[in-house]
Amino acid sequence: MNVKATLTILLLAAVNSAAVLVQPDEPFPANRLYVASADGNRVIEIFLRELPEPVTGLPLPPGTITGLPLPTFVTGLLLPQDLAFGPDGLLYVSDSDDDVVLVFDGAGNSQGTIAAPNLQTPTGLAFGPQGDLYVASQASDTIVQFDRAGQSVGELGSASGLDDPAGIAFGPNGHLFVASHATDEVLVFDPTGVQVGSVDDPALAGPWGLAFGRGGRLYVASSATNRVLAFNKSGDLVDTLGTDALLDTPI
């Protein structure tokens, strides 16, 4: 384990409601999961339900959450990689083959496109504490920052050794965590864009998706080892989830 700076990893905070710009005409339904399907070039909407009793033919214990796929939510994408809900309540989807981020309302209608010359092969995306959108630009090895008007206002990571950025996530302290896929580490940037630390471990290979959980743990999808790794606030590996039979190239 190599922690290059003291990391404070806290529970992921919701964006302050003061950042809301536009109230969607149609709010997204409750109990829905939205999944970017790169193979099918679409976003799938899944209705989630809790099974109070075991269902015949399904080896699921009581209380299991399962999904019922609904008609395709959005089609016509070229290679969707990631998605996130913005402070305006709309759904943002990175489309890496088109080098754009697409925006949709709760009915799946297009609400615009976000693009910039410095956005190349977008992958992970996340909204910062002030409502700005940050997008991993995989081909340029940077993170592109967009303001709430959709204008490119800066880049992070150009001098940090960031290589093939994938998943990104914000902590409530305003630090941005970025999976550097090709260097097998997670880099940490402060609100000014300066790298302040990193998280790495021999068990971490091909990191992609990032999320914060209870107790301030950082969960990282280790795509090359078919595992999800959990790190504590100090950046130490404390748990490993998944098996080869359960996970296959998790992102």
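Which residues form one aromatic cluster? They are Tyr34, Phe73 and Phe85. Some notes for a first look follow.

1. Before anything else: this is a predicted model, where local features need pLDDT of at least 70 and side-chain atom pairs count only at pLDDT 80 or more, while totals for chains, interfaces and linings use all residues. Numbering runs from 1 along each chain as its sequence is written, and side-chain values use heavy atoms, with hydrogens and water left out.

2. Back to the rings. Rings of Phe, Tyr and Trp (its six-membered ring) pair if their centres lie within 6.5 Å; planes under 30 degrees apart are stacked, over 60 edge-to-face, and the rest tilted. That rule gives five aromatic pairs. One of them joins tyrosine 34 and phenylalanine 73, edge-to-face at 5.0 Å centre to centre with 65° between the planes. Tyrosine 34 sits in strand β1 and phenylalanine 73 in the loop between β3 and β4, 39 residues apart (strands are DSSP runs of E, at least two residues, numbered from the N terminus).

3. Tyrosine 34 is buried, with a relative accessible area of 8%, and phenylalanine 73 is buried at 11% (buried means under 20% relative accessible area, with a 1.4 Å probe and protein chains only). Then look at tyrosine 92 and phenylalanine 127: their ring centres are 4.9 Å apart and the planes stand at 75°, so this pair is edge-to-face too. It links strand β5 to strand β8, 35 residues apart, and both residues are buried.

4. Now the nonpolar cores (buried Ala, Val, Leu, Ile, Met, Phe, Trp, Tyr and Cys joined through side-chain atoms within 4.5 Å). The largest has 15 residues, and Phe177, Val186, Leu204, Leu210, Leu218, Val220 and Phe231 touch the most other members. Strand β16 gives the largest share, three residues. A second, separate core of 14 residues includes Leu90, Val101, Ile114 and Val135.

5. There's an open sheet of four strands in the order β8-β9-β10-β11, paired antiparallel (two strands pair if DSSP finds at least two bridges between them). β8 and β11 stand at the edges with a single partner strand each, so one side of each has no neighbour in the sheet. β10 and β11 pair over four bridges, and isoleucine 143 stands opposite leucine 156 in β11.

6. Finally, serine 160, in the loop between β11 and β12. Serine 160 is buried, at 19% relative accessible area. A polar atom of its side chain lies 2.9 Å from the backbone oxygen of glycine 157, and the side chain of serine 160 reaches the backbone nitrogen of leucine 162 at 3.4 Å.

Notes:
Buried means under 20% relative accessible area, exposed over 50%, partly exposed in between (1.4 Å probe, protein chains only). A polar contact is a pair of N or O atoms within 3.5 Å; within protein, one must be able to donate a hydrogen and the other to accept it, and residues adjacent in sequence count only if both atoms are side-chain atoms.
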